[in-house]
Amino acid sequence: MRQVIGFRNDMKHSLLLLLVLMGLSSACQTSKPLDSYKGEKVIFGSGGGFTGLVTTYTLLADGRLFKQNSMGDTALTEVLRMPKATAKALMKEKASLPTSHFQQPGNMYSFLEWTQENETHRVTWGAPQGTPPAEVVALYRSLMEKINPEE
């Protein structure tokens, strides 16, 4: 009887190891679209609060939009594919964004990150005393409306 129980435990451990390896393998494969992407991209999202959950969206110039959460299933998933013209128009808006740093996160915060002339800029806001530049908020809202048109 002990050999049967030992065999079952070994099988459970082997199965668990196999599942973990498969999960790691798929997680690595899902991030490849962004790792190898050479074009423009805008990264935006929100997070914080009691759980500390951060939801990140990445819009590529070719119109693909990816989502990733910091907890639970952290896999990168394509959630939307918009026309290239729409994505390029949104990318064009980032040219008018200020390049000064603005970091005023609160308990709950929003962020917008973009690259301009080989420099990466990130604006984080949410603190009651901090208001980001209006252009940043306008682009953030435009991006969020593409994801959640009813809001």
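The model is predicted, and local features need pLDDT of at least 70, side-chain atom pairs count only at pLDDT 80 or more, and totals for chains, interfaces and linings use all residues. Residues are numbered from 1 along each chain as its sequence is written, and side-chain values use heavy atoms, with hydrogens and water left out.

Four aromatic pairs are present in the structure (rings of Phe, Tyr and Trp, the last by its six-membered ring, pair if their centres lie within 6.5 Å; planes under 30 degrees apart count as stacked, over 60 as edge-to-face and the rest as tilted). One of these is formed by Phe 44 and Tyr 57, which count as stacked because their ring centres are 5.4 Å apart and their planes stand at 20 degrees. Phe 44 belongs to strand β1 (residues 41-48) and Tyr 57 to strand β2 (residues 54-60), 13 residues apart, and the pair links these distant parts of the chain. Helices (H or I, at least four residues) and strands (E, at least two) are DSSP runs, numbered from the N terminus. Phe 44 is buried at 0% relative accessibility, and Tyr 57 is buried at 8% (buried means under 20% relative accessible area, exposed over 50%, partly exposed in between; 1.4 Å probe, protein chains only).

The rings of Trp 125 and Tyr 140 have centres 5.2 Å apart and planes at 80 degrees, so this pair is edge-to-face. Trp 125 is in strand β7 (residues 119-125) and Tyr 140 in helix α4 (residues 134-147), so the pair ties together parts 15 residues apart in sequence. Both residues, Trp 125 and Tyr 140, are buried. Ring pairs join Phe 44, Tyr 57, Trp 125 and Tyr 140 into a cluster.
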